[in-house]
Amino acid sequence: MKNVNADYHQDFYAWLSIQLFHLKNHNFDNLDLDNLIEEVEAMGRKEIREMKGIMIVLIAHLLKAKFQPEKNETSWRKTLQEQRIHLGFVLEDSPSLKNHLEDEEWMNNVWGYAVNMASAETNLAKGTFPDLPIWTANQILDENFPC
């Protein structure tokens, strides 16, 4: 197999197969390092985005349960359970992602998106919800909290 950099832009799967071939055969001089580095970085960002999306849904549903208790629907509890299980799988595969859950800036960012989602789904004003997290990551992930 030869190294053809243009394949990256023309046929990603073919490019990936070539890179894999070179890695398995220790042909490191034939790797398309610039694009390979870009792809490895993108993989990490994808993992973080996945966790962020799960946390946004979790927090939004917890906010809906807290601020619209009269509408605390079974589907909300089901979604909380599903998302907690999903996040458990993500953290099982990549335990170092848990560091983001302990990062105040990251959690504040996620919280803001969750408030937007909860507001849109409940028709309650954004100001109804706290601007900053009122729960810890451990509480959010606890299957018995608060429902």
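This is a predicted model: local features need pLDDT of at least 70, side-chain atom pairs count only at pLDDT 80 or more; totals for chains, interfaces and linings use all residues.
## Helix H4: length and sides

Helix H4 runs over residues 74–93 and has 20 residues. At 1.5 Å a residue, H4 should span 28 Å, and its end C-alpha atoms are 29 Å apart, which agrees.

The buried residues of H4 are Trp76, Thr79, Leu80, Gln83, Arg84, Leu87, Val90 and Leu91. Because these residues cover an arc of only 135 degrees around the axis, they lie on the same side of H4. The face turned away from that buried side carries exposed residues, namely Thr74, Lys78, Gln81, Phe89, Glu92 and Asp93.

## What covers H4

The buried residues of H4 are covered by other parts of the structure, including helix H3 (33–67), helix H5 (98–101) and helix H7 (137–141).

Helix H6 spans residues 104–122 and contains 19 residues. From its first C-alpha to its last, H6 reaches 26 Å, close to the 27 Å expected at 1.5 Å a residue. At the start of H6, a side-chain oxygen of Asp103 comes to within 3.0 Å of the backbone nitrogen of Glu105.

The list of buried residues in H6 consists of Trp106, Met107, Val110, Trp111, Ala114, Val115, Ala118, Ser119 and Thr122. The cover over these residues includes H3, H5 and H7. Helices H3, H5 and H7 are also among the elements that cover the buried residues of H4.

Where does Asn123 lie in the structure? Asn123 is found in the loop between H6 and H7, just after H6. Its phi is near 65 degrees, a positive value in a residue other than glycine. Is Asn123 buried or exposed? With a relative accessibility of 71%, Asn123 counts as exposed, since exposed means over 50%.

A second residue of this kind is His26, whose phi is near 60 degrees, again a positive value in a residue other than glycine. His26 belongs to the loop between helix H2 (12–24) and H3. The relative accessible area of His26 is 57%, so this residue is exposed as well.

Methods: Residues are numbered from 1 along each chain as its sequence is written. Side-chain values use heavy atoms; hydrogens and water are left out. Helices (H or I, at least four residues) and strands (E, at least two) are DSSP runs, numbered from the N terminus. The expected span of a helix is 1.5 Å times one less than its number of residues. Buried means under 20% relative accessible area, exposed over 50%, partly exposed in between (1.4 Å probe, protein chains only). The arc is that of the directions from the helix axis to the C-beta atoms. Contact means heavy atoms within 4.5 Å. A polar contact is a pair of N or O atoms within 3.5 Å; within protein, one must be able to donate a hydrogen and the other to accept it, and residues adjacent in sequence count only if both atoms are side-chain atoms.
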